[in-house]
Amino acid sequence: MAAIDRNELLSQIRVQAYTILMFTTTEPQMDLPEPKSMKDLDSFSIVQLLLALEDIYDVMLLEEITSFRGETFEDLATFITERVSAGAAEV
């Protein structure tokens, strides 16, 4: 995958984060607020989000997350875009 549409990526991050929260909440009947940033997710949810995005974008994220310093979904989108671009350059 050579390039990623940033708006599509941000949308996918938000959808995946919300879906993960729906499946991991202890009170599923509760109205869940839409997550706005990485701070809205616990560590288990972050791992699940990264694994889902790895599968969608065919990129390794979990192994490289220690170099991630952002807090927002926009920061995560930049992180993913850089990894996808680096992977495309290697091919």
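This is a predicted model: local features need pLDDT of at least 70, side-chain atom pairs count only at pLDDT 80 or more; totals for chains, interfaces and linings use all residues.

User: Why is Gln16 called buried?

Analyst: Gln16, found in helix α1, has a relative accessible area of 19%. The term buried applies under 20%, so Gln16 is classed as buried.

User: Why is Val47 called partly exposed?

Analyst: Val47 lies in helix α2 and has a relative accessible area of 31%. Buried requires a value under 20% and exposed a value over 50%; Val47 is therefore partly exposed.

User: What makes the link between the side chains of Gln16 and Gln12 a polar contact?

Analyst: The two side chains are joined at 2.8 Å, and the cut-off is a pair of N or O atoms within 3.5 Å.

User: Which residues does Gln16 contact beyond its neighbours within four places in sequence?

Analyst: Gln16 is in contact with Leu49, Ala52, Leu53 and Ile56.

User: Which residues have the most contacts inside the largest nonpolar core?

Analyst: They are Ile13, Leu49, Leu53, Leu76 and Ile80, in a core of 23 residues. Helices α1 (6–24), α2 (43–57) and α3 (73–90) each supply at least two residues of this core. Not counting residues up to four places away in sequence, Leu76 touches Ile13, Met38, Leu49, Leu50, Leu53 and Phe68.

How values were computed:
Residues are numbered from 1 along each chain as its sequence is written. Side-chain values use heavy atoms; hydrogens and water are left out. A nonpolar core is a set of buried Ala, Val, Leu, Ile, Met, Phe, Trp, Tyr and Cys residues joined through side-chain atoms within 4.5 Å. Buried means under 20% relative accessible area, exposed over 50%, partly exposed in between (1.4 Å probe, protein chains only). Helices (H or I, at least four residues) and strands (E, at least two) are DSSP runs, numbered from the N terminus. Contact means heavy atoms within 4.5 Å. A polar contact is a pair of N or O atoms within 3.5 Å; within protein, one must be able to donate a hydrogen and the other to accept it, and residues adjacent in sequence count only if both atoms are side-chain atoms.
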